[in-house]
Amino acid sequence: MGFPRIYPSGTTVYNAERSWSGYTILPTAKGALLIDMRGNEVQLWAGLAGFPNKILPGGFVLGSSGSRHPRYGYQDQLDLLQVDWDGKVVWKYDQNETVEDPGLKSKQVARQHHDFQREGSTTGYYAPGFTPKTDSGNTLLLVHKNVENKDISDKPLLDDRFIEVDWSGKLLWEWLPNEHFDELGFDETARNLLYRDPDIVTSGRGDWLHINSLSTLGPNKWYDAGDQRFHPDNLIWDSRNANILAITDKKTGKIVWRIGPDFGLTEELRNLGWIIGQHHFHLIPRGLPGEGNLLVFDNGGWAGYGAPSGTSTYGLNDKHRDYSRVIEFNPLTLKIEWEYTAEKAGYTHSLENYRFYSPYISSAQRLPNGNTLITEGSDGRLLEVTPEKQTVWEYLNPYYYHALGGILNMVYRAYRVPYDWIPQLKVPSEGSIQAPDVKTFRVPGSVIGASPENIVNVAGRSPLA
């Protein structure tokens, strides 16, 4: 399905009465961009990359100074930085590994990718009673490590390593998924394919799992009720390439909760439906509506290891779906408690499923008023929707850059924070923005409507005929 060349950008919809208003941080071609609800650009940290960007109280922002060449370090960030309001670096982590990329001096890099969390916050987004630390505390990072594991593949692998470091950068804890291969639930067909092709990327290594989210569970009702799998310190994560969502016990290293890679094994999984190529899987923090449920942007698109299918000639990316959904579900029963799709939003014809579809990146954040902030990442669209699926705020990223072989305005992940986290700015007076009527909205110079002599009415002819 195509898109128009020209369309409005910035904030296109804003219902001030029904939105949870605050500042929104998003990574753009210009750098880390902070906007208000009307789309006004209130601060830019130029050149600060975001994989993702996260705001801390006091106007601090986390990001990176850049990435390695993909031939040597696929999606590796050089460092993880915390900068103040004026862009001064106040904390830096680049001590994960020393690399010697061809033509460059050896240097220490973080190899961070996709996610990180600062102590004091479980998910990296605002929740009442949780305050991420700004001048101390530990940091949880998702980083890469080059490994060899003949039980998985005879090809070199790019593993997704979990690490926790203190404020000085000292390593406190680590976990490597390749060491837990037998706990991941791959059947014999998937194992055979993984051995032959663990999804080789530009660095020449198999990006076999491609984990894209990592957070702690935090205090929750399941642990309070005695379920040890949900210990507040345990780690929740997901594998985009393998369609796996899981929880790792921090003390033992064992995977204690998992769904996928096969969503046809039980009636509960079949009712939940296939989750494909998902992003930003996490437990809704205590203090927010839906607390204790799981929230995930289920991308659809393509992912998985299995048998050849109508969309896969030899089994790589054998699962496929051409629309996205955001789902909130109970981790014990797997019952869906809330779901957002194009159909749920009112586009009832199956031909319109594409109206909510991002086959890569993207995220969802539960807001204190029960709304959900969604990053429909591939087309740079942010939207806030009510529990009834009404869109009360929408923003389209106007900034493009060269990526993935094209010119894109994609947004990896956006976050909303309360106004008082940014003391450098006055709380704005933000009136609602009424969405234009698309039947009459025109670029200046366009003619609205047709002349009476040019109107033809053909009785009984469908406009879709």
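The following questions and answers go through parts of a predicted model.

Residues are numbered from 1 along each chain as its sequence is written, and side-chain values use heavy atoms, with hydrogens and water left out. Because the model is predicted, local features need pLDDT of at least 70 and side-chain atom pairs count only at pLDDT 80 or more, while totals for chains, interfaces and linings use all residues.

Visitor: Is L294 buried or exposed?

Guide: L294 belongs to strand 20, residues 294-298. Strands (E, at least two residues) are DSSP runs, numbered from the N terminus. Buried means under 20% relative accessible area, exposed over 50%, and partly exposed in between, with a 1.4 Å probe and protein chains only. The relative accessibility of L294 is 1%, so L294 counts as buried.

Visitor: Which residue lies 37 residues from L294 in sequence and 6.4 Å from it in space, C-alpha to C-alpha?

Guide: Contact means heavy atoms within 4.5 Å. Leaving aside neighbours within four places in sequence, L294 is in contact with several residues, including W257, F281, I327 and F329. The residue at 6.4 Å, C-alpha to C-alpha, is P331.

Visitor: How many residues of strand 23 are buried?

Guide: R325, I327 and F329 point one way from strand 23, and V326 and E328 point the other way. Residues on both of these sides are buried. Strand 23 (residues 325-329) is therefore largely enclosed by the rest of the structure, and its buried residues number 5 of the 5.

Visitor: Which residue takes a positive phi in the hairpin of strand 23 and strand 24?

Guide: This hairpin has 6 residues between the strands. The phi in question is near 65°, and the residue is L334.

Visitor: In strand 18, what is the bridge partner of T248?

Guide: Strand 17 (residues 244-248) and strand 18 run antiparallel and are joined by 4 bridges. The bridge partner of T248 is I255.

Visitor: Which residue in strand 28 does V13 stand opposite?

Guide: Another open sheet has 5 strands in the order 1-28-27-26-25, with antiparallel pairing. Its edge strands are strand 1 (10-14) and strand 25 (363-366). Strand 1 pairs with strand 28 (residues 391-396) over 4 bridges. V13 stands opposite E394.

Visitor: What is the volume of the largest cavity?

Guide: On a 1 Å grid over the protein atoms alone, a cavity is a set of points where a 1.4 Å probe fits but cannot get out, and lining residues have an atom within 4 Å of a point. Grid points are joined across faces, edges and corners, and a volume is the space filled by probe spheres set on the points. The whole structure holds 1 cavity of 30 Å³ or more. The volume of the largest cavity is about 60 Å³.

Visitor: Which strands each supply at least two residues of the lining of the largest cavity?

Guide: Among the lining residues are K54, I55, F116, Q117 and W421. The strands asked for are strand 5 (49-56) and strand 11 (112-118).

Terms used:
Pairing = 2+ DSSP bridges. 1 Å grid on protein atoms, 1.4 Å probe; cavity = no way out; pocket = protein on both sides within 12 Å on 5 of 7 lines; lining within 4 Å.
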